[in-house]
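Colleague: I would like to learn how to read a model of this kind, feature by feature. Could we start with the pairs of charged side chains?

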Amino acid sequence: DVYKGGEQGILAPTDFETGYRRILIANLVLDGLERLDVTETELEDVNLARGIALFHRANNYYNLAQLYCPVYHTETAHSDLGMPIRLNPDPIIRTPRASVADTYLRAEIDLKESLSLLPARSEILFRPSKAAAYGLLARMHLQMENYIQAGLYADSCLLIQDSLIDFNDLSTTGNYVFPLYGIGNPEVIFVTAAYNASIYSNTYFNADTNLLAMYEPGDLRREIYFYENTSGQTLFYGSYYGNSWFFTGLATDEMYLIRAECAVRNGNIPSARFDLNLLRKHRFRSSDFSPLMNEDPDELLDLIIAERRKELVLRGTRWEDLRRLNKESRYRRGLMRLLGDERFELHENSSRWVWPFPVEAINAGGYIQNER
């Protein structure tokens, strides 16, 4: 019973309830703006508010789709069950589940409209910008395997903001390496953070040894992202949120990796290798860095996929990557964890890669439940 005890409202909300609460707020804002008698002097602020609401609605539909919808398959996306698309703030209106294709399309429509309303960059990183909208479109089209579009959107994002931190310049003497809330971090485009659940607090956390073994000699991420405490745990303190909360927003390092992956999948080896080497140069000790010279597209793609895992640690992107890469035989893999003598497995072809709708949502909306 995944939701044993129910949703419990604000005390222990599910991602479903939280996502739709944010969508409701966005719909209330959009509905209210339509009703305003706007003067010329107010138009800029009204447009900004509309752009922000559209971005947040798109972001929440996209995130909900990663949990409660099957992974995007071009062949079946128009028949696979997606999310209920609510565009009206009236909670009484019943909305059936749309298709996966229409769920993604709704997010794309909202993001494209927001591009004409948002500033290129936002002074407040909790507010979206054009760069953030391009970044989210890149992330979304990567999930859809639209590699030409994903690469173009990542490029548009990087044309606005392309800075990378040189990890050689960072100090590991403080409690946390990166500045609080991303303020002053030149890579951060848009700030969000994961729900700070106790299950992955420092009391229980221990980094995956397979991940730690992937870091090569001279890779500064090993010491900047992780540290060992006196109890023998390997803890994570490299969040771009600047504290113990996990950063799940958008940053330039992810955009370079998206652009590199799309380039190699589209046959542009030099461009893919350039972006990969540029990122790695900023992550390795200067004396240990040597550029990768791989010409084989399969080898280069393997390196980029591995780099995503090493770079985007606890960003909320790993689940998305596992789901989309399970469509390719060479990257297909399940998950296994040992807890004492008990073994837990999520097989690569399991229906459990899709979460069930909460029972309260099924009862209130009359939705078709996901198979388990």
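Modeller: Side chains of opposite charge can pair when their charged atoms come close. A salt bridge here is a side-chain nitrogen of Lys or Arg within 4 Å of a carboxyl oxygen of Asp or Glu. R265 and E328 form such a salt bridge through their side chains, at 2.8 Å from N to O. R265 is in helix 8 (residues 252-265), while E328 is in the loop between helix 11 and strand 7 (335-339), so the pair links distant parts of the chain, 63 residues apart. Helices (H or I, at least four residues) and strands (E, at least two) are DSSP runs, numbered from the N terminus.

Colleague: What should I know about the model and its numbering before going on?

Modeller: The model is predicted: local features need pLDDT of at least 70, side-chain atom pairs count only at pLDDT 80 or more, and totals for chains, interfaces and linings use all residues. Residues are numbered from 1 along each chain as its sequence is written, and side-chain values use heavy atoms, with hydrogens and water left out.

Colleague: Which residue forms a salt bridge with R221?

Modeller: The partner is E311, and the closest N and O atoms are 2.8 Å apart. This pair also links distant parts of the chain: R221 is in helix 7 (residues 221-225) and E311 in helix 10, 90 residues apart. Both R221 and E311 are buried. Salt bridges that share partners join R221 and E311 into one network with other residues, among them E187, D253, R280 and R315.

Colleague: Next, how do I read the packing of two helices?

Modeller: Axes are lines fitted to C-alpha atoms, for helices over the stretch in contact, and angles run from 0 to 180 degrees between N-to-C directions. Angles under 35 degrees count as roughly parallel, over 145 as roughly antiparallel, 65 to 115 as roughly perpendicular and the rest as oblique. Helix 10 (residues 297-311) and helix 11 (residues 318-325) pack at about 155°, with axes 10 Å apart. Helix 10 is therefore roughly antiparallel to helix 11.

Colleague: What is the arrangement of helix 2 and helix 4?

Modeller: Helix 2 (residues 43-68) packs against helix 4 at an angle of about 25°, and the axes are 11 Å apart. These two helices are therefore roughly parallel to each other. As for handedness, a crossing is left-handed if the near helix is turned anticlockwise from the far one by less than a right angle, and right-handed if clockwise. Helix 2 passes helix 4 in a left-handed crossing, and the crossing of helix 10 and helix 11 is left-handed.

Colleague: Now the surface. Which residues make the nonpolar surface patch?

Modeller: Patches are made of residues with over 30% relative accessible area and no salt bridge: like charges are joined within 9 Å, nonpolar side chains (Val, Leu, Ile, Met, Phe, Trp, Tyr) within 5 Å. Accessible areas come from the Shrake-Rupley method with a 1.4 Å probe, and for residues only the protein chains shown count as cover. I124, F126, L180, Y181 and I183 make a nonpolar patch of about 460 Å². Y181 sits in the loop between helix 5 (147-160) and strand 3 (188-190), and Y181 is partly exposed because its relative accessible area is 34%.

Colleague: What is the phi of Y181?

Modeller: Y181 has a positive phi of about 60°, although Y181 is not a glycine. E145, another residue that is not glycine, has a positive phi near 65°. E145 lies in the loop between helix 4 (130-143) and helix 5 and counts as partly exposed at 30% relative accessibility.

Colleague: Last, how far apart in space are S116 and N47?

Modeller: They are 8.9 Å apart, C-alpha to C-alpha, and 69 residues apart in sequence. S116 lies in the loop between helix 3 (100-115) and helix 4, and S116 counts as exposed at 59% relative accessibility. T234 and F205 are 7.7 Å apart by C-alpha atoms and 29 residues apart in sequence. T234 is in strand 5 (residues 234-236) and counts as buried at 8%.

Methods
Buried < 20%, exposed > 50% of the residue type's maximum accessible area, 1.4 Å probe, protein only.
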